[in-house]
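I opened the notebook to look up a few places in one protein chain.

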Amino acid sequence: MKAIRLHATGQALVAETIATPTPGPLDVLVRVRAAGICHSDAHYRAGIAPTRLPCTLGHEVAGVVEACGDLVTDLAIGDRVCLNYLVTCGECECCRAGNEQFCVNGEMIGKHRDGGFAEFICVPARGVLRLLDPSAGDVAWLGRNIAKSSPKEIQPPRREMQIVFQDPPASLDP
C-alpha cells in the first residue's frame, strides 16, 4: 500500500510502498478516506515531540471497513467509521473505569504506531466508531476529543467540525 512516512526529524515526508497490515482476530482493517493534518504531525516532523521512526503519521482518521478479524462481531465490511486516536488495552484500571484516555498501555496512532497517512490502517475494533448516518453523504466526524473506545455508534453534534471525503480520494503519489 502507499503511505506517507516520516523517516527522520527535520526531513521531508516520504511517499513509499509498505506492506498492507493484516488484521488479527480482534482487529479491523480500514481503508482510509480522510486523515486530518494536526499540529502534532508538524511537531513530530520538526523534532519538537518524539515519535517512533520511521512512522506513518496521522491520528485523525475516518474511512470504510475493508476487513474484520475473526472475532469482530459488531462491525462489518463497508461500515463507515472514524477511529479513536488512542489504541487502548481495555484491561488496565483506567480502561476498566471507562477512562481509556489514561490507559497505561495506550499507543497513539501516528506516533507510537503507524497512522492514517496511508491507504489502510489496522487497529483494534474496540477503538473503531461506526458513523450512524451513512446516507447523509460523504461526511465523517472525527471526534477525537470525546471519543472513547466503548461506544460503537456516534452522531456528530451540530457545532462540531466535519471533514468532507474527497471522491475520488486524493492520490498519495508524489
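**Entry 1: Asp79**

I started in the loop between β5 (60–68) and β6 (80–83), where Asp79 lies. The model is predicted, so I kept that in mind throughout. Is Asp79 buried or exposed? I looked up its relative accessible area and found 17%. Buried means under 20%, so Asp79 counts as buried.

Next I asked what the side chain of Asp79 makes a polar contact with. I found the side chain of Arg130, at 3.2 Å. I also checked the backbone nitrogen of Ala76. That nitrogen lies 2.8 Å from a polar atom of the Asp79 side chain. Then I left aside the neighbours of Asp79 within four places in sequence. Asp79 is still in contact with Gly63, Val64, Val65 and Arg130.

**Entry 2: the nonpolar cores**

I turned to the largest nonpolar core. I noted that it has 15 residues. Which residues have the most contacts inside it? They are Val28, Leu83 and Ile121. I then looked up which elements give two or more residues to this core, and wrote down β3 (27–36), β5, β6 and β9. The largest share comes from β3, with 3 residues.

I stayed with Leu83 for a moment. Residues up to four places away in sequence were not counted. Leu83 touches Val30, Val61, Ile109, Ile121, Val123, Gly127 and Val128.

I also found a second, separate core, of 9 residues. Among them are Tyr44, Tyr85, Met108 and Phe117. In soluble globular proteins, nonpolar side chains tend to be buried together.

**Entry 3: Gly127**

Gly127 had come up as a residue that Leu83 touches, and I followed it. Where is Gly127 found? It is in the loop between β9 and β10 (128–131).

**Entry 4: helix α1**

Which residues of helix α1 (residues 39–46) are buried? I listed Ser40, Asp41 and Tyr44. Seen down the axis of α1, these buried residues fall within an arc of 100°, so they line one face of the helix. I looked up what they pack against, and found β1 (2–6), β3 and β8 (107–108). The face turned away from the buried side carries the exposed residues His39 and Ala46.

I read on past the helix. Gly47 follows α1, and its phi is positive, near 85°. Further along I came to Pro54, in the loop between α1 and β4 (55–56). The peptide bond from Leu53 to Pro54 is cis, with omega near -10°.

**Entry 5: two exposed loop residues**

I wanted some exposed residues as well. Thr22 sits in the loop between β2 (14–17) and β3. Its relative accessible area is 68%, and exposed means over 50%, so Thr22 is exposed.

Val104 was next, in the loop between α2 (93–96) and β8. At 64% relative accessible area, Val104 is exposed too. The C-alpha atoms of Val104 and Glu91 are separated by 9.6 Å, and these residues are 13 apart along the chain.

**Entry 6: the whole chain**

I finished with the totals. How many helices and strands are there? I noted 2 helices and 13 strands. Buried residues make up 41% of the 174 residues. I looked at contacts with a separation of 6 or more, and 67% of them are between residues 24 or more positions apart. The accessible surface comes to about 9,300 Å², and 52% of that belongs to carbon and sulfur atoms.

Last, I checked the confidence. The chain averages a pLDDT of 81, and 75% of the residues score at least 70. Confidence is highest in strand β9 (residues 120–124), at a mean of 97. It is lowest in strand β13 (residues 163–164), at 42. Over residues 137–174 the pLDDT is below 50. In the model, this stretch has 86 contacts beyond near neighbours in sequence.

Notes. Residues are numbered from 1 along each chain as its sequence is written. This is a predicted model: local features need pLDDT of at least 70, side-chain atom pairs count only at pLDDT 80 or more; totals for chains, interfaces and linings use all residues. Side-chain values use heavy atoms; hydrogens and water are left out. Helices (H or I, at least four residues) and strands (E, at least two) are DSSP runs, numbered from the N terminus. Buried means under 20% relative accessible area, exposed over 50%, partly exposed in between (1.4 Å probe, protein chains only). Contact means heavy atoms within 4.5 Å. Accessible areas come from the Shrake-Rupley method with a 1.4 Å probe; for residues, only the protein chains shown count as cover. pLDDT is the predictor's confidence in each residue, from 0 to 100. A polar contact is a pair of N or O atoms within 3.5 Å; within protein, one must be able to donate a hydrogen and the other to accept it, and residues adjacent in sequence count only if both atoms are side-chain atoms. A nonpolar core is a set of buried Ala, Val, Leu, Ile, Met, Phe, Trp, Tyr and Cys residues joined through side-chain atoms within 4.5 Å. The arc is that of the directions from the helix axis to the C-beta atoms.
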